[in-house]
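Q: I am new to this structure and would like to go through it step by step. Could we look at it together?

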Amino acid sequence: TGTHDSLLEAGEFVRTIQNRQNMQIGCPEEIAYVNGFIGRDDVRRRAALFQKTAYGAYLQRIVDVGE
């Protein structure tokens, strides 16, 4: 379970990796897309749902890079 400090440290670690690598950790749509469980159009639809957020922009970049 850990302590409050260890939870905060884990969150900071994830944020640092995401910012430095310009990638999301634990993105279900990306994992499904890479493994062929969903297609490009499915990811685009999910990106449209989150279009006003950084997450939506990230999903859109995933399919844009693959084109």
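**Charged pairs and helix packing**

A: The model is predicted.

Q: Which side chain does D41 meet in a salt bridge?
A: The side chain of D41 meets that of R44, at 3.3 Å from N to O. Both residues lie in helix α3, three residues apart, about one turn of the helix. R44 is partly exposed, at 26% relative accessibility.

Q: How many salt bridges does the structure hold?
A: The structure holds three. One of them joins R45 and D42, whose closest N and O atoms are 2.4 Å apart. Another is formed by the side chains of R46 and E29, at 3.1 Å from N to O. This pair links distant parts of the chain, with R46 in helix α3 and E29 in helix α2 (residues 28-34), 17 residues apart.

Q: Is E29 buried or exposed?
A: E29 counts as buried, because its relative accessibility is 9% and the cut-off for buried is under 20%. R46 is partly exposed, with a relative accessible area of 33%.

Q: Changing topic, at what angle do α3 and α4 pack?
A: Helix α3 (residues 40-49) and helix α4 (residues 54-65) pack at about 160 degrees, with their axes 8 Å apart. The two helices are therefore roughly antiparallel to each other. The crossing of α3 past α4 is left-handed.

Q: And which residues form a nonpolar patch on the surface?
A: The patch consists of F13, V14 and I25, which together have about 270 Å² of accessible area. V14 lies in helix α1 (residues 4-21) and is partly exposed, with a relative accessible area of 31%.

Methods. Residues numbered from 1 in each chain as written. Predicted model: local features only at pLDDT ≥ 70, side-chain atom pairs only at ≥ 80, totals over all residues. Heavy atoms only, no water. Patch = residues over 30% accessible without salt bridge, like charges linked within 9 Å, V, L, I, M, F, W, Y side chains within 5 Å. Areas by Shrake-Rupley, 256 points an atom, 1.4 Å probe, with all protein chains shown as cover. Salt bridge = Lys/Arg side-chain N within 4 Å of Asp/Glu carboxyl O. Helix = DSSP H or I, 4+ residues; strand = E, 2+ residues; numbered from the N terminus. Buried < 20%, exposed > 50% of the residue type's maximum accessible area, 1.4 Å probe, protein only. Axes fitted to C-alpha atoms, helices over the stretch in contact; angles between N-to-C directions. Parallel < 35°, antiparallel > 145°, perpendicular 65-115°, else oblique. Left-handed = near helix turned anticlockwise from the far one by under 90°.
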